[in-house]
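This report walks through a protein model, one feature at a time. Have the sequence and the 3D view open as you read.

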Amino acid sequence: MISTKPRKEPRAYHPQFNSPDADVVLVSSEETGYRVPHFTLRSTCGYFRGLFSGHNSSFGHSMLGDKSSSPIIDVDEKNKVLTKVLSMVCGLHTENWESIDEADDAIHLAQKWDAPGPLSIIRGAITAPMFLADPLRLYAITTRLGWGEELMLASIQTLTLDLYAEENRPTLEKISSTRLMALFRLHRDRRDRFKALIDSDGLFDAGNAERYRCPGCGEEMNNHTWRELKARMFMEMDRRPLGDTLCGLEMEDWPESIACWEAKCQKIDCGRLNYNKLSTLRDIKNCLGRLPSHV
């Protein structure tokens with residue numbers, strides 16, 4: 001909203017934006033004034049370019065450059081987001097982002113103002129570790145904006161999450177149905193393809209062959225411990241599709257793992273281990289490496 005009435009001073013002026021040479025005053029929802037040159041706003045933001053054009057402006061060019069009657073523009077944003085976006089618009093140093101919420105608020109304002117510069121700056125920073133720490137929210141933002149490479153990276157980071165966990169529902173509801181299904185499909189495909197690989201006779205013949213015999217004595221092996229370990233790994237991939245908990249220290253403590261690696265041939269004079277732990281773990285890791293990693 002633009003005021004053309006006699007100038008009413010804001011409650012205070014932001015120290016970074018209080019130059020007497022600036023001829024437009026933006027006022028935040030917290031009644032803080034920001035003096036900005038109209039040329040800067042026009043050259044960086046499509047919204048202000050249209051606002052300040054001669055045939056659209058309610059105050060016209062006559063008021064611009066007149067410091068005694070600088071146009072006052074009330075904006076809805078709070079000081080924090082307005083300061084961040086104006087700093088980018090004016091080419092000033094911007095402080096580090098404090099949260100993904102702050103970045104998203106800045107994105108919304110940059111879109112409202114049709115300001116490609118700030119959007120480009122934010123896009124360059126959006127894959128910083130602090131944003132990757134909230135991958136589902138990052139995925140929602142990047143899908144909304146159509147940022148392809150950042151979207152793929154965010155989808156990789158979601159593989160540590162259980163999408164069905166209740167705490168994830170509010171963020172999932174903000175994602176378009178097409179992109180949401182793509183994410184669910186990625187998680188499901190990793191789990192199901194992993195299961196198909198560990199069920200393969202060719203990769204794990206000792207555990208999956210219908211009639212596998214002990215290489216030492218020829219006694220037919222009982223593979224129930226391998227089947228139980230496979231079931232546990234499937235459940236783990238359903239919970240955490242990244243698969244980083246497999247083949248690590250956590251898996252070492254699973255009862256199913258312990259039973260599988262200790263399983264031996266039941267023939268009294270043999271006692272050979274049913275499975276080679278090191279080679280089996282290596283093959284499991286290789287299976288994880290063959291799974292799709294992003295949408």
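## The model

This is a predicted model: local features need pLDDT of at least 70, side-chain atom pairs count only at pLDDT 80 or more, and totals for chains, interfaces and linings use all residues. Residues are numbered from 1 along each chain as its sequence is written, and side-chain values use heavy atoms, with hydrogens and water left out.

Helices (H or I, at least four residues) and strands (E, at least two) are DSSP runs, numbered from the N terminus.

## Helices α11 and α13

Start with helix α11, residues 177-198, and helix α13, residues 224-239. They pack at an angle of about 165°, and their axes are 9 Å apart. Axes are lines fitted to C-alpha atoms, for helices over the stretch in contact, and angles run from 0 to 180 degrees between N-to-C directions. The angle makes α11 roughly antiparallel to α13. Angles under 35 degrees count as roughly parallel, over 145 as roughly antiparallel, 65 to 115 as roughly perpendicular and the rest as oblique.

The crossing of α11 and α13 is right-handed. A crossing is left-handed if the near helix is turned anticlockwise from the far one by less than a right angle, and right-handed if clockwise. On the α11 side, the contact (heavy atoms within 4.5 Å) is made by Arg190, Arg191, Asp192, Phe194, Lys195 and Ile198. On the α13 side are Trp226, Lys230, Met233, Phe234, Met237 and Asp238. By class, this contact of α11 with α13 has six nonpolar, no polar and six charged residues. Ala, Val, Leu, Ile, Met, Phe, Trp, Tyr, Cys and Pro count as nonpolar, Asp, Glu, Lys and Arg as charged, and the others, Gly among them, as polar.

## His187 in α11

Helix α11 also holds His187. Is His187 buried or exposed? It counts as buried, at 7% relative accessibility. Buried means under 20% relative accessible area, exposed over 50%, partly exposed in between (1.4 Å probe, protein chains only). Leaving aside neighbours within four places in sequence, His187 is in contact with Thr158, Leu159, Leu161, Leu163 and Pro241.

## Helices α13 and α15

Helix α13 also packs on helix α15, residues 255-262. The angle here is about 150°, with the axes 8 Å apart. That makes α13 roughly antiparallel to α15. The crossing of this pair is left-handed.

From α13 come Thr225, Trp226, Glu228, Leu229 and Arg232. They meet Pro255, Glu256, Ser257, Ala259, Cys260 and Trp261 in α15. This contact of α13 with α15 has six nonpolar, two polar and three charged residues.

## Helices α4 and α6

Helix α4 (residues 79-89) and α6 pack at an angle of about 105°, with axes 8 Å apart. That makes α4 roughly perpendicular to α6.

Which residues of α4 and α6 meet? Val85, Met88 and Val89 come from α4, and Pro118, Ile121 and Ile122 from α6. By class, the contact of α4 with α6 has six nonpolar, no polar and no charged residues.

## Cysteines

A disulfide is a covalent bond between the sulfur atoms of two cysteines. Here it is taken as a pair of cysteine sulfur atoms within 2.5 Å.

Take Cys260, which is buried at 0% relative accessibility. Its closest cysteine sulfur is in Cys247, 12 Å away, so the two are too far for a bond. Cys270 is partly exposed, at 28% relative accessibility. The sulfur of Cys270 is 3.7 Å from the closest cysteine sulfur, in Cys214, and that too is too far for a bond.

## Loop residues

Asn18 is in the loop between β2 (12-13) and β3 (24-27). It is partly exposed, with a relative accessible area of 38%. Asn18 and Arg35 are 17 residues apart in sequence, yet 5.2 Å apart in space, C-alpha to C-alpha. Not counting residues up to four places away in sequence, Asn18 touches Tyr13 and Arg35.

Most residues other than glycine have a negative phi. Glu31 is not a glycine, but has a positive phi of about 65°. Glu31 is in the loop between β3 and β4 (32-36), and is partly exposed at 39% relative accessible area. Asp114 also has a positive phi, near 55°. Asp114 is in the loop between α5 (100-112) and α6 (116-125). At 47% relative accessibility, Asp114 counts as partly exposed.
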